[in-house]
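Let's take a friendly walk through this two-chain model, one region at a time. Keep the sequence and the 3D view open beside you as you read.

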Amino acid sequence: MRTLFLILALGIFSFSSSDSVLAEQPVVITNSGGIEVGDKAPEFNLKNIDGKMYSFDNIMDANGNKPKGYIVVFTCNTCPYAVANEERLIELHKKYAPKGYPVVAIQPNDPAVQPGDSFQAMKENAKEKGFPFLYLIDEGQEIFPKYGATRTPEVYLVDANRVLRYHGAIDDSPRDPGSVDEKFVEKAIQSMEKGGQPEPASTKAVGCSIKTA
Amino acid sequence: MFKITFLNKIPVLIASCCLPVFFYACKDQDTRTAEETRHSSVSPVEGSEKWPEPNTRLEGIPVYEKFEDLEPVFNFTNDTTYVINFWATWCKPCIKELPYFEEIDSAYKDRKLKVVLVSLDFPDQVETKLVPFVQERNLNSKVVVLLDGKYNDWIDRVSPEWSGAIPATYIYNKNQNKLIGTSFENSSEIKKELNAFL
């Protein structure tokens, strides 16, 4: 049945679209909302742990310039996978924010369900670990569903035009940093730098479900 | 005491099965007998269920290093419906729904249904957290541990519908399958899903 849908969808798509580049994109059918690679990333205006509001419009890279891309990552304090990736996010930001790709962390869990992810707890965790990047709270849990995020940590690599270029895991070994063979996000940025499309454009990883009331 | 006796038997069981290919049925039978002994309950012998040999066992709990090692469990072609739940001891919503799976496991005892709880606990917590947890809770459902941390290589092989978030439950039989990527609020919700399978 899914195959049938896919064939139908592809058929209709290539029939109606005059844009050959788009027509070559595989059509992925998902049952959850959210964005696919090639889609515009939803806008947000969220509170950072310093109390200031941030959106794509006022986020800058390490040199104070307009970013070439945004490493948007849904993450939190409490998920063991998120914790296992904190150091990797810090390293990513240190390496790529000066090159135009800052990490923008968004905490999507509802603190009413997960008290360890309260705004206060976020501040404390960021201070303790020395997060050099923005750590925004998705108050009201309105932004993560627009992205279609389901777990922490989950990366959405967005380009300067705010188009999603890569979606998924930071690397191929989220649990054990010692077993990483492929750094997906770094590879994706390098592809973007060369003007290419990241490959793989999307990956999966086990993570904690996002906690909502 | 009982467990020690059982553990001592493993080499004998394995040794007795290191025979040519056409004795595979016998090997499967032996493995299953061992597992049933651990659960101290007898379930009906199932047709083509060849349960893969784990890399190791901790207090009787089978531990699989790679997804490939466990993969046959997702592809049995007998008459049984398998309810495979991915969980971990640190995952709060997973722990909350475990009793519902236990309830299903006993409520459908006479039906061709098997609950399998696949723990994704971190390797360094299997012995310290998972094993004591399973023992304290006295879980009746079959518990296995999957250590494969190269998630992107195997999540889609469970189901392309699965994002990787846990808890997640994969229900299948030889005719159909479904991935439920959210947690269950009660056992009725699981039963509702099972109606399509049984």
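## Ground rules

Two strands are said to pair if DSSP finds at least two bridges between them. Helices (H or I, at least four residues) and strands (E, at least two) are DSSP runs, numbered from the N terminus.

This is a predicted model, in which local features need pLDDT of at least 70 and side-chain atom pairs count only at pLDDT 80 or more, while totals for chains, interfaces and linings use all residues. Residues are numbered from 1 along each chain as its sequence is written, and chains are lettered from A and ligands numbered from 1 in the order in which they are written.

## The two chains

Chain A holds 6 helices and 9 strands, and chain B has 7 helices and 8 strands. A residue counts as buried if 20 or more other C-beta atoms lie within 10 Å of its own, as exposed if 12 or fewer do, and as partly exposed in between, with C-beta atoms placed from the backbone. By that count, 40% of the 213 residues of chain A are buried, and buried residues make up 31% of the 198 residues in chain B.

Two residues are in contact if their C-beta atoms, placed from the backbone, lie within 7 Å. Among chain A contacts with a separation of 6 or more, 71% are between residues 24 or more positions apart. For chain B, 64% of the contacts between residues at least 6 apart in sequence join residues at least 24 apart.

Let's start with a pair of strands in chain A. β7(A) and β8(A) run antiparallel and are joined by 4 bridges; A:Y156 has A:H167 as its bridge partner in β8(A). The hairpin has 4 residues between the strands, and A:R162 takes a positive phi there, near 65 degrees. As for β8(A), 5 of its 5 residues are buried.

## Around strand β5

Strand β5 (residues 134–137) of chain A has A:L134 and A:L136 pointing one way and A:Y135 and A:I137 the other, all of them buried. Strand β1 (residues 46–48) of chain A pairs with β5(A) in the antiparallel sense over 2 bridges, and A:K47 is partnered with A:I137. Strand β4 (residues 103–107) of chain A pairs with β5(A) in the parallel sense over 4 bridges, with A:I106 opposite A:L136. From β4(A) the chain crosses through helix α4 (residues 119–129) of chain A to β5(A), a right-handed β-α-β crossover. Right-handed here means that, with the strands pointing away from the viewer, the path from the first strand over the helix to the second runs clockwise.

Which residues of α4(A) are buried? They are A:M122, A:N125 and A:A126. These residues lie on the same side of α4(A) because they cover an arc of only 100 degrees around the axis, the arc being that of the directions from the helix axis to the C-beta atoms. They pack against β4 and β5 of chain A, whereas the face turned away carries the exposed residues A:Q120, A:K127 and A:E128. A:G130 follows α4(A) and has a positive phi, near 70 degrees.

In helix α6 (residues 184–193) of chain A, the buried residues are A:F184, A:V185, A:A188, A:I189 and A:M192. They cover an arc of only 135 degrees around the axis, so they sit on the same side of α6(A). Their packing partners are β3 (69–74), α3 (80–96), β7 (154–159) and β8 (164–168) of chain A.

A nonpolar core is a set of buried Ala, Val, Leu, Ile, Met, Phe, Trp, Tyr and Cys residues joined through C-beta atoms within 7 Å. The largest one has 92 residues, of which A:I71, A:V104, A:A105, A:V185 and B:I166 touch the most other members.

## Where the chains meet

How many residues of chain A are in contact with chain B? There are 18, and they touch 18 residues of chain B. Strand β9 (residues 207–209) of chain A gives the largest share of chain A's side, 3 residues.

An open sheet of 3 strands with mixed pairing has the order β6(A)-β9(A)-β6(B). β6(A) and β9(A) pair in the antiparallel sense over 2 bridges, while β9(A) and strand β6 (residues 165–166) of chain B pair in the parallel sense over 2 bridges. Here A:C208 has B:I166 as its bridge partner.
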